[in-house]
Amino acid sequence: MTVDSLGMAIRGMTDPMFLLSEAELIFRVGLACILGWLIGNERKNRNKSAGTRTHAIVALGSALAMVVSKYGFMDMPDHDAARVAAQVISGVGFLGAGIIFVRNNLVNGLTTAAGMWATASVGLTVGAGLYVIGIASALLLIVMQIITHRISYLAKVASAGMIRMTLVQEKDAVKNMRKYLDDSRVDVASVKIHKNKKEEVKLEFEVVYPPGFDKATLFSHLAEMPGVITISE
């Protein structure tokens, strides 16, 4: 770069209109970061692994990618303004993959992963300068998460657990116990059986409870059944 071109670049960077446009781009990235933080705060309050920092960084990075995609290639006559931004939607999937896991035949982390994907979209929207739809989408996402947890009917989901018990070793004891759980609408994912020399049999049931299931009542009934020596989760 020559001295003249360097001087022209410096003068251009100090131009008030240039500084104003750069300030707006910084504002977009900052606003996206704040919106991401607000979305993540709701997740953090529910003890989810992806909280405020993760969501804020996702939103900030998405907004930055959108800004670069729109304005970083203006010197190229036929640049595609959507190319960089389009990769954010698919690229943020690797974060979601680290949150989603399967345990006892139940999928966990889907809501948080979907929220991060939506947060990336909010960042792209704000980065593109669509402030109203970006802010409205972030608020809608937060309100939806809160409402679905506050309303008991919507908050009820299936849950996994363990039932450990010791039974008197007798004919069809395990079969009858499993049938009782099935009749109680408790799905048995697997069962481990341990026999000992004390005429007892120890069982470990991996179970899936239906939404809104009353576990306390189930355990109370199980404890009162004949042949049940001990029972615990």
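Guide: A nonpolar core is a set of buried Ala, Val, Leu, Ile, Met, Phe, Trp, Tyr and Cys residues joined through side-chain atoms within 4.5 Å, where buried means under 20% relative accessible area and exposed over 50%, with partly exposed in between (1.4 Å probe, protein chains only). This is a predicted model, in which local features need pLDDT of at least 70, side-chain atom pairs count only at pLDDT 80 or more, and totals for chains, interfaces and linings use all residues. Residues are numbered from 1 along each chain as its sequence is written, and side-chain values use heavy atoms, leaving out hydrogens and water.

Visitor: Which residues touch the most other members of the largest nonpolar core?

Guide: Among its 18 residues, they are I163, M165, L167, L181, F205, Y209 and L218. Strands β3 (159–168) and β5 (200–209) and helices α9 (173–183) and α10 (215–224) each supply at least two core residues; helices (H or I, at least four residues) and strands (E, at least two) are DSSP runs, numbered from the N terminus. The largest share, five residues, is from β5.

Visitor: Why is I34 called exposed?

Guide: Its relative accessible area is 51%, and the cut-off is over 50%, so I34 counts as exposed. I34 sits in helix α2 (residues 16–44).
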